[in-house]
Amino acid sequence: MTPLDSVDAVQRALAATGYLADTDLATALYLALRLERPLFLEGEAGVGKTELARALAGVTGAEMIRLQCYEGIDQATALYEWDYPRQMLEIRRQESEARPTGQPPQNIFSESFLIERPLLRAIRSRGPVPPILLIDEIDRADEEFEAFLLELLADFAVTIPELGTVRAAVRPRVVLTSNRTREVHDALKRRCFYHWIDSPTAARELEILERRLPGIAGKLAAQVVAFVQRLRATDLSKVPGVAETIDWAAALTALDATELTPADIDRTLGVLLKYQEDVARLKGDGARTLFAEVTARR
Amino acid sequence: MIAANLVAFGRLLRRAGLAISPGSTELFANAIDLIGFDHKARVRAAGRAIYVRRREDRELFDRAFGLFWRRHGDPGDAPILPRMRQDRRAPPTFPAPIPGSDAFAEDVSPRIDKTLASGDERIRHADFATLTGPEIRDAFAMLARLVPQLPLRPSRRWRMQRRRGARPARAWMLRRSLRTFGEPLQWRWLAHPRRPRPIVLITDISGSMERYSRLMLRFAHALAQSGAPVEVFVFGTRLTRITRELMVRDADSALERVGHLVVDWNGGTRIGESLADLNRRWVRRTIRSGAVVLIMSDGWERGDPELLGAEMARLARACYRLYWLDPLASQPGFVPEVAGLEAALPHVDALLPCASVGSLEELAQRLIEVSSREPRRFHTMSGSS
């Protein structure tokens with residue numbers, strides 16, 4: 001494991017796993033690690049928010065624990081739950097053993113009936129490397145859950161009435177992501193280091209692409225990036241992220257393309273654009289025009 | 001010395017309009033301890049990570065930081081504080097409110113204490129455009145007392161209740177049953193609690209709507225103040241989000257803020273383009289979880305009605321209910337034959353009148369009915385007042 005003791009070290013270590021972070025992101029991450037605060041990442045879908053947590057886990061050799069948020073997520077699905085069917089069976093079993101004493105069932109709320117969910121798992125991690133806790137798409141959870149999370153992130157302790165208080169032995173490293181389908185409360189953001197991930201520059205995107213798809217033809221990679229960069233400047237419902245660039249390049253490579261052609265673009269547009277309106281607008285002439293623009297420039 | 005400078009920087013940021021919490025300066029100091037002062041980009045990155053909490057604030061921060069860094073020079077340099085003080089008199093040019101038209105200047109604040117008597121009912125049901133100055137004041141006062149019945153939707157959470165719900169609260173009942181030797185004697189249920197639906201109000205403020213847009217903004221303010229989760233936009237030739245401005249309790253000062261923010265009062269109308277902007281930029285952020293969307297406009301479209309139709313179709317797919325409010329709809333013999341309106345109507349759930357205080361009051365009362373099982377997309381005229 002590389003010591004992450006400077007911004008440069010963080011940047012280098014991430015690059016070694018294939019994640020290229022710019023100075024801003026590396027600085028924010030470095031500070032989050034050193035000052036033990038969560039890192040809050042916001043940005044369009046597909047710019048590499050979740051990917052960063054994975055890369056970080058790779059760098060530190062830590063376990064990555066992921067909590068995917070959704071509307072209605074609550075403590076039972078995020079923290080812990082009791083295994084109700086097994087508890088029922090246990091009660092019946094104890095009954096059938098016909099205890100003459102008339103005692104109430106024993107040990108129903110014990111460790112063996114506890115179902116650990118991601119947050120509890122992160123808290124109970126033994127270390128020694130702090131686990132990476134990824135709280136993905138927090139914007140999808142509702143405000144009650146946010147409030148609960150705020151409390152949990154403050155002291156990483158949870159009280160289970162039957163078992164007592166569990167406190168984290170090692171403080172998990174937390175990465176929160178948001179696609180910004182709504183504004184997350186300031187109170188939560190205030191506890192975190194915040195970073196908005198922009199779409200990468202052309203040079204960086206090309207670098208990323210070549211790292212992720214080592215076999216890709218040089219010309220194709222350059223054209224793909226130029227095309228996507230141009231596409232981001234057009235008025236789309238959903239601009240493609242880096243993830244889409246990689247997928248698209250992979251699709252084109254699978255079709256044995258070594259350079260971009262209008263026909264191939266048409267065939268594979270669905271990999272790049274996720275809204276019917278966008279595909280319809282670009283199919284055929286739209287894509288051809290962009291393609292001509294992109295190829296004319298070089 | 002550095003500490004003093006950082007405090008001054010924090011003040012500068014606050015003046016620039018960023019939400020600065022007390023711990024930020026200390027955190028920033030700690031961060032600088034770690035990364036040093038050698039790289040401007042890193043110091044700026046650290047500052048961004050701490051002080052910026054929304055993408056929009058980043059530019060603001062960068063400008064303030066540029067100023068700070070320039071003045072700052074050598075970290076041991078003292079004179080930053082006095083110079084910062086000078087800035088206070090002439091703050092840096094952060095996006096300053098552009099003094100807009102005085103659309104609201106003529107508004108006299110509503111005197112709520114005034115007893116509203118017999119004239120009330122007439123004012124309530126009169127077309128707003130026909131009211132005189134003092135009557136307008138009374139009309140606004142009526143709207144300020146609006147108590148809307150908000151539409152509800154089931155939340156995705158579970159809550160326990162005694163009443164029969166969707167499924168038994170097994171965990172609770174099991175725990176209770178231990179007291180009775182494993183025999184469940186008490187029942188509890190889980191159900192989804194109901195929450196207010198988001199309401200999105202989009203108001204036409206172009207020239208042809210001038211008389212009514214004032215009324216509508218009062219309505220929007222009353223709705224926002226009632227605690228409903230509302231988002232409010234206005235448009236003429238472009239779309240402006242005014243939700244934050246309307247959160248100010250006093251209607252006059254809230255609308256004054258709106259007046260400063262909006263640049264296209266009483267001009268032309270590009271409904272299609274404004275809705276396109278809404279669909280691109282705001283739909284996923286504000287129109288979520290089954291919103292009820294209200295568009296108020298007379299449908300006089302200067303742009304392409306076809307674009308308007310396409311954008312209406314998209315908006316309709318993204319929200320739960322889409323209503324079109326037209327002040328002219330209450331007039332006898334009204335036929336929707338304006339090109340824009342014709343293009344929009346196939347996609348709306350209902351066309352409603354909104355010319356009088358009474359019709360808006362009724363709308364606010366009937367919002368709750370949205371949750372009931374009315375069929376979607378009937379594009380006839382409805383609403384009685």
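Predicted model: local features only at pLDDT ≥ 70, side-chain atom pairs only at ≥ 80, totals over all residues.
1. Just after helix α2(B), G36(B) takes a positive phi of about 75°. Residues are numbered from 1 along each chain as its sequence is written, while chains are lettered from A and ligands numbered from 1 in the order in which they are written.

2. The length of α2(B) agrees with expectation, because its 13 residues should span 18 Å at 1.5 Å a residue and its end C-alpha atoms are 19 Å apart. The expected span is 1.5 Å times one less than the number of residues.

3. Which residues of α2(B) are buried? They are S24(B), T25(B), F28(B) and A31(B). Buried means 20 or more other C-beta atoms within 10 Å of a residue's own, exposed means 12 or fewer, and partly exposed lies in between, with C-beta atoms placed from the backbone. The buried residues of α2(B) fall within an arc of 120° seen down the axis, so they line one face of the helix. That arc is taken over the directions from the helix axis to the C-beta atoms. G23(B) and D33(B), on the other side of α2(B), are exposed. The cover over the buried residues includes α2 (23-34) of chain A, together with α1 (2-16) and α3 of chain B.

4. The contact between the chains takes 34 residues from chain A and 32 residues from chain B. Two residues are in contact if their C-beta atoms, placed from the backbone, lie within 7 Å. On the side of chain B that touches chain A, the elements giving two or more residues are α2 (23-35), α3 (40-51), α8 (170-177) and α12 (271-286) of chain B. Of these, α3(B) gives the most, with 7 residues. By class, this side of chain B has 15 nonpolar, 13 charged and 4 polar residues. Nonpolar covers Ala, Val, Leu, Ile, Met, Phe, Trp, Tyr, Cys and Pro; charged covers Asp, Glu, Lys and Arg; the others, Gly among them, are polar.

5. Chain B has 15 helices and 11 strands, and 38% of its 385 residues count as buried. Its domain assignment gives domain 1 (2-89), domain 2 (141-150 + 195-371) and domain 3 (158-191); such bounds come from an automatic or database assignment. The C-alpha centres of domain 2 of chain B and domain 3 of chain B lie 45 Å apart.

6. The largest nonpolar core has 101 residues, of which V175(A), F193(A) and V224(A) touch the most other members. Such a core is a set of buried Ala, Val, Leu, Ile, Met, Phe, Trp, Tyr and Cys residues joined through C-beta atoms within 7 Å. A second, separate core of 73 residues includes I123(B), V262(B), A344(B) and V370(B).

7. Is L273(A) buried or exposed? L273(A) counts as buried because it has 23 C-beta neighbours inside 10 Å. L273(A) sits in the loop between α12 (262-272) and α13 (276-282) of chain A. Leaving aside neighbours within four places in sequence, L273(A) is in contact with P240(A), D278(A), V279(A) and L282(A).

8. I160(A), in strand β6 (residues 157-160) of chain A, is partly exposed, with 15 other C-beta atoms within 10 Å.

Technical notes: Helix = DSSP H or I, 4+ residues; strand = E, 2+ residues; numbered from the N terminus.
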